[in-house]
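Let's take a friendly walk through this fold, one element at a time. Keep the structure open beside you as you read.

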Amino acid sequence: MSETITTRVGIVGGGPAGLMLGHLLIKAGIDNVILESRDHETIKNTHRAGILEHGSVDLLVKSETGSRVLTDGYEHGGIYLRFGGESHHIDFQDLVGESVWLYAQNEVFVDLAAAREREGARSTGR
């Protein structure tokens with residue numbers, strides 16, 4: 001016999017990680033509230049670098065929160081290291097069969113915040 005457990009989930013931090021956790025919990029049928037000390041506009045307009053590994057991009061796309069990464073982001077298939085006066089290309093596709101994506105952290109936030117709004121989920125902030 002299965003037992004039903006009811007609980008309240010609070011997530012501290014409304015950045016990309018907190019928003020993704022909240023989204024995944026909602027998809028699993030678990031209600032949650034996100035607590036954040038900064039307001040939405042501050043987070044949205046705080047520009048930070050963003051290199052997303054393939055797994056993060058895959059999670060954004062498959063969870064239906066961030067397909068913009070594929071259209072607005074930049075797929076980055078490798079890097080160059082320079083030593084001994086020579087450039088050496090490290091090709092991610094050849095080595096691991098995947099790429100990384102250049103997509104700013106605040107853009108990930110915008111995508112996840114829009115998903116949370118569509119879900120009608122609760123967030124609190126200043």
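How many residues lie between E5 and E6 in their hairpin?

## The hairpin

The hairpin of E5 and E6 has 2 residues between its strands, and Gly-84 in the turn has a positive phi of about 60°. Strand E5 covers residues 78-83 and strand E6 residues 86-91; they run antiparallel and are joined by 6 bridges. Across the pair, Gly-78 stands opposite Asp-91 in E6. Two strands are said to pair if DSSP finds at least two bridges between them. Helices (H or I, at least four residues) and strands (E, at least two) are DSSP runs, numbered from the N terminus.

Before going further, please note that this is a predicted model, in which local features need pLDDT of at least 70 and side-chain atom pairs count only at pLDDT 80 or more, while totals for chains, interfaces and linings use all residues. Residues are numbered from 1 along each chain as its sequence is written, and side-chain values use heavy atoms, with hydrogens and water left out.

## The open sheet

Next comes an open sheet of 3 strands in the order E3-E7-E4, with antiparallel pairing. Strands E3 (51-52) and E4 (74-76) stand at its edges with a single partner strand each, so one side of each has no neighbour in the sheet. E3 pairs with strand E7 (residues 100-102) in the antiparallel sense over 2 bridges, and here Leu-52 stands opposite Trp-101 in E7.

Helix H1 (residues 16-27) has 12 residues and reaches 16 Å from its first C-alpha to its last, close to the 16 Å expected at 1.5 Å a residue. That expected span is 1.5 Å times one less than the number of residues. Among the buried residues of H1 are Leu-19, Met-20, His-23 and Leu-25. Buried means under 20% relative accessible area, exposed over 50%, and partly exposed in between (1.4 Å probe, protein chains only).

The buried residues of H1 pack against strand E1 (9-12), strand E2 (32-35), helix H3 (54-62) and H6; contact here means heavy atoms within 4.5 Å. E1 and E2 pair in the parallel sense over 4 bridges, with Ile-11 opposite Ile-34 in E2. Ile-34 also belongs, with Asn-32, to the covered face of E2, whereas Val-33 and Leu-35 make up the uncovered one. Just after H1, Gly-29 takes a positive phi of about 85°.

Gly-120 follows H6 and has a positive phi, near 70°.

The axes of H1 and H6 come within 9 Å and cross at roughly 30°. Axes are lines fitted to C-alpha atoms, for helices over the stretch in contact, with angles from 0 to 180 degrees between N-to-C directions. The two helices are therefore roughly parallel to each other (under 35 degrees; over 145 is roughly antiparallel, 65 to 115 roughly perpendicular and the rest oblique). Residues of H1 that meet H6 include Leu-19, Met-20 and Ile-26, and their partners in H6 include Phe-109 and Leu-112.

## A positive phi outside glycine

Glu-64 has a positive phi, near 60°, in a residue other than glycine. Glu-64 sits in the loop between H3 and helix H4 (68-72) and is exposed, with a relative accessible area of 59%.
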